[in-house]
Amino acid sequence: RTTEDFLLRAALLCVLLCNPQQVMSDSDEVVLTEWEIWKSNNGISYDKMDDMQRRAIWEENKQMIENNNRGFFMGMRPFTMAMNKYGDLTRQEYQILQGAIIDAQFAKRGKAVSARRLRNNAKRLDAWSVDYRNMGYVTEVKDQGFCGSCWAFSTTGAIEGQMYKRTGQLVSLSEQNLVDCSRPYGTFGCNGAWMANAFDYVINNGLQSTNTYPYTSDTQPCYYDSTLAVAHITDYRFIPKGDEQALADAVATIGPITVAIDADHASFLFYSSGIYDEPSCNPNNLSHAVLLVGYGSEAGQDYWIIKNSWGTSWGEGGYMRMIRDGRNTCGIASYALYPIL
């Protein structure tokens, strides 16, 4: 185990031992106080009936998070979880947040890049680890709010990276532009979409920057102005389905990659740190879009680095490290693609 790992476990042990009444106690008074504090921190209030139902969900999640973290401390879990702003979501609300309404079997696909060509290019680089955050390719972590628009953030992130690669300029692109305007191309605003459809829109129209078309976390009438477009792409390519080696080679040689994953697990919703490994992940149940920005290894365990769009308070500053072991974990290589400028 690394020193960092040891210190994290020690800190968790301290929380469990030094603060027994706070963590261990089931006394209503303590839980009530924590519930009230959580609501206040997140600017939430409910009427009495709603409050009881939401509190029950929140308490169940809190218990699950504490159980996971005890497992982490005992060396039985590879990642920590933490309560966050999604603490009282119903299952249905979480699915909307993921953009999970779209059925994977109807996913639009397109031309695939040659795995052999990617391998040959990657061999020349021989990159053991890649992290585009340190290379200027990645904009700040954004927050989609309570809108299933993850697909738009995954799309803009990949284009932002390719634009930086070509021009040396990092420009934040407008997710709202996609949410509002790409419906004719088969997207569904805050109800999810497949990223190939979003790329189709950009091929035909271009995209404005966040500055000229800011994010609202809701759907509104399209006000796209082509004279303000700062991004254009000509095409996109898919990584061969399920091929993790080809995906790693694409990350190393091309840049950040648009991917879809199975995030339909409480462990993902409340992920806080460490290398995420969810045994019940299903590579065919793609429910959420993220941006793959690199890969690396820690204490002999390989991982992917993904950028989420749930703000910086989620995960490791808005990012997640996910296990990379050739099993197409959570379907990370099932629907992966990148834009061509």
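**Exercise 1.** In this predicted model, describe how helix 6 and helix 10 pack, and state which residues form their contact.

*Solution.* 
Step 1. Two packed helices are described by the angle between their axes and the distance between the axes.
Step 2. The axes of helix 6 (residues 115-125) and helix 10 (residues 244-253) are 8 Å apart, and the packing angle is about 55 degrees.
Step 3. The crossing of helix 6 and helix 10 is left-handed.
Step 4. Helix 6 contributes Ala115, Leu118, Arg119, Asn121, Ala122 and Leu125 to the contact, while helix 10 contributes Gln245, Ala246, Asp249, Ala250, Ala252 and Thr253.
Step 5. Sorted by class, the residues of the contact of helix 6 with helix 10 are seven nonpolar, three polar and two charged.

**Exercise 2.** Repeat the analysis for helix 7 and helix 9.

*Solution.* 
Step 1. Helix 7 (residues 150-167) and helix 9 (residues 195-205) have axes that come within 9 Å and cross at roughly 55 degrees.
Step 2. That angle makes helix 7 oblique to helix 9.
Step 3. The crossing of helix 7 and helix 9 is right-handed.
Step 4. On helix 7 the contact involves Trp151, Ser154, Thr155, Ala158 and Ile159; on helix 9 it involves Met195, Ala198, Phe199 and Val202.
Step 5. The contact of helix 7 with helix 9 comprises seven nonpolar residues, two polar residues and no charged residues.

**Exercise 3.** What is the phi of Asp126, and what is the phi of Asn328? Locate each residue.

*Solution.* 
Step 1. Most residues other than glycine have a negative phi.
Step 2. Asp126 is not a glycine, yet has a positive phi of about 50 degrees. Asp126 lies in the loop between helix 6 and strand 2 (130-131).
Step 3. Asn328, also not a glycine, has a positive phi of about 55 degrees. The loop between strand 8 (319-323) and strand 9 (336-340) holds Asn328.
Step 4. The relative accessible area of Asn328 is 10%. Buried means under 20%, so Asn328 is buried.

**Exercise 4.** Which residues of the largest nonpolar core touch the most other members?

*Solution.* 
Step 1. Of the 341 residues of the protein chain, 52% count as buried.
Step 2. The largest nonpolar core has 84 residues, and Leu247, Ile257 and Phe268 touch the most other members.
Step 3. Leaving aside residues up to four places away in sequence, Ile257 touches Leu247, Ala250, Val251, Val290, Leu291, Leu292, Ala336, Leu337 and Tyr338.

Notes: Residues are numbered from 1 along each chain as its sequence is written. This is a predicted model: local features need pLDDT of at least 70, side-chain atom pairs count only at pLDDT 80 or more; totals for chains, interfaces and linings use all residues. Side-chain values use heavy atoms; hydrogens and water are left out. A nonpolar core is a set of buried Ala, Val, Leu, Ile, Met, Phe, Trp, Tyr and Cys residues joined through side-chain atoms within 4.5 Å. Buried means under 20% relative accessible area, exposed over 50%, partly exposed in between (1.4 Å probe, protein chains only). Contact means heavy atoms within 4.5 Å. Axes are lines fitted to C-alpha atoms, for helices over the stretch in contact, and angles run from 0 to 180 degrees between N-to-C directions. Helices (H or I, at least four residues) and strands (E, at least two) are DSSP runs, numbered from the N terminus. Angles under 35 degrees count as roughly parallel, over 145 as roughly antiparallel, 65 to 115 as roughly perpendicular and the rest as oblique. A crossing is left-handed if the near helix is turned anticlockwise from the far one by less than a right angle, and right-handed if clockwise. Ala, Val, Leu, Ile, Met, Phe, Trp, Tyr, Cys and Pro count as nonpolar, Asp, Glu, Lys and Arg as charged, and the others, Gly among them, as polar.
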